[in-house]
Amino acid sequence: MKIVVLAGGVGGARFVRGVREAVRRAAPDAALANADIDVIVNTGDDWWLAGLRIAPDHDSLLYTLSGQNDEVRGWGRVGETERVSAELQAHGVTPDWFTLGDLDLGTHIARSAWLRAGLSPSEVSRRLQQRWPLGVTLHPATDDEVDTHVVTTAGERLHFQEWWTRHRATLPVARFEQQGVAEARPAPGVLAALEAADVVIIAPSNPVVSIGTILSVPGMREAVLTAGAGTAPVVGVSPIIAGAAVRGMADACLSAIGVATDAGAVARLYGARPAGGLLDAWLVGVEDESLVAGLRADGFAAAAVPLWMRDLDTSAALAAAALATGLEQARA
Ligand code: GDP
Ligand code: CA
C-alpha cells in the first residue's frame, strides 16, 4: 500500500509524523501495515539568502521526522545557536528579521553546495534523507524554482518570506504569484509516487501558499486526480478549526484571496470531485460538526473528527481517521 501526502511546513510535518505513527501502530494484517509513505513538499517558500538555498517546509519535515526539531519553539532544530547569523547580520549580508540557526545553516550550505555541483533539488533531498532516514520519502513538489512572491495592494512586490516574516503577513495583498510556475513540472519522483498511490491525503496545511502552490505546478492537479491509475481517493484534512487557523497565519492568506477562514470555505476552495474539484472526502473538526450535512450535499464525503494535533497520539489518531476515510472511499 502506498500513501501520498501533500504537505507544507508545520501543520504538514505534524500530520506526516502522525501518518508514520498510524502505520507503525497498524495491526500486522491491516491494510495499512508496512505502507509506504511519500510526501509531496511545498517549495514555494524556498528562497536564496546569502548565496544559500533555503527550503523551510522541506526542512521542517526533515527535522520533525528525524526528531531534531525544537518542540518548544515549534520550528527549527533543538539545541540551536545563532552565532553565524549574528555575523551575517553584522556584515549586512542578511536582514535582521531573518535569523538562521547554526545547525540549520549547515543544512543550507550542504544543499547549496550540491545544487552548485549540478544536483537537482530532488537529488539534494534524497541525500539529506540518507543521513537522516525518516521512514517516509520526501519529494520537493518540483525541481524548478517557483518561489512565491506577494504583490501588495500598493503595487509593491516582495518575496513571500519578506511578507510573512518581516511584515508578519500584515501588508494588504493584491495577489500571490509563483515565479516561473507556468514552465515548472512536477518532480519525477512526485509523478511516480502518485501513479502508484492507493490514497492521497491533503495535509492540514496552508491551503493557499502551501497546498495551493503545490497544486499550481502544471500537471500536478491532473496527477492527483488520476492517482493510482484513477483509483486513489483524495482526502483533505481541514487546517481551520472553528473559524481559526490553529497555528500560524493561514487566515491572512485565505483573506488575501477572498476565502473565509472556515473549514467549509476551504473545502469548497479545493472543490468536490463530483463537481469538478479535487476532493473525495473532507475532514472537519468536531467543533465544526454542523458543517457536515452541507458539505455532503455539495458532494464531499465529510466527517467530523478531532483535528488538534497536540502530540503523537492525537496526530496518529487524526492520520488514522483520514486513512480510514480514504479506504472507505476507494474508487473502483
Ligand atoms: P507552514 O508552512 O509552516 O506555514 O505550515 P503549513 O503549510 O503546514 O500550514 C500551517 C497551518 O497548518 C496552520 O496555519 C494551521 O491552519 C494548520 N495547522 C497547524 N497545526 C494544526 C493542528 O494541530 N491541526 C490542524 N487541523 N491544523 C493545524
Ligand atoms: Ca511554509
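**Close-ups of a predicted model**

**View 1. Arginine 20, buried with no salt bridge.** Arginine 20 is buried here, yet it makes no salt bridge. The nearest side chain of opposite charge belongs to glutamate 21, and that one is 5.8 Å away. A salt bridge would need a side-chain nitrogen of Lys or Arg within 4 Å of a carboxyl oxygen. As for where we are in the fold, arginine 20 sits in helix H1 (residues 10-25). If you skip the neighbours within four places in sequence, arginine 20 is in contact with Ile37, Leu65, Leu134, Gly135 and Val136. Keep in mind that this is a predicted model.

**View 2. The calcium ion (ligand 2) and its protein donors.** Aspartate 45 comes from the loop between strand S2 (36-41) and strand S3 (47-49), while aspartate 57 belongs to helix H2 (residues 56-65), so the pair ties together parts that are 12 residues apart in sequence. Are these two aspartates buried or exposed? Both aspartate 45 and aspartate 57 are buried.

**View 3. An open sheet of three strands, in the order S7-S6-S8.** The pairing is antiparallel. Strand S7 (157-159) and strand S8 (173-178) stand at the edges with a single partner strand each, so one side of each has no neighbour in the sheet. On average, neighbouring strands of this sheet are turned by 25° against each other, ignoring direction.

**View 4. Strand S6 (residues 148-152) alongside S8.** The two strands pair in the antiparallel sense over five bridges. To get your bearings, look for threonine 148, which stands opposite glutamine 178 in S8.

Methods
Residues numbered from 1 in each chain as written. Chains lettered and ligands numbered in written order. Predicted model: local features only at pLDDT ≥ 70, side-chain atom pairs only at ≥ 80, totals over all residues. Heavy atoms only, no water. Donors = N, O, S within 2.8 Å, 3.2 Å for Na, K, Ca; no water. Helix = DSSP H or I, 4+ residues; strand = E, 2+ residues; numbered from the N terminus. Buried < 20%, exposed > 50% of the residue type's maximum accessible area, 1.4 Å probe, protein only. Pairing = 2+ DSSP bridges. Axes fitted to C-alpha atoms, helices over the stretch in contact; angles between N-to-C directions. Lys, Arg positive; Asp, Glu negative; His and termini not counted. Contact = heavy atoms within 4.5 Å.
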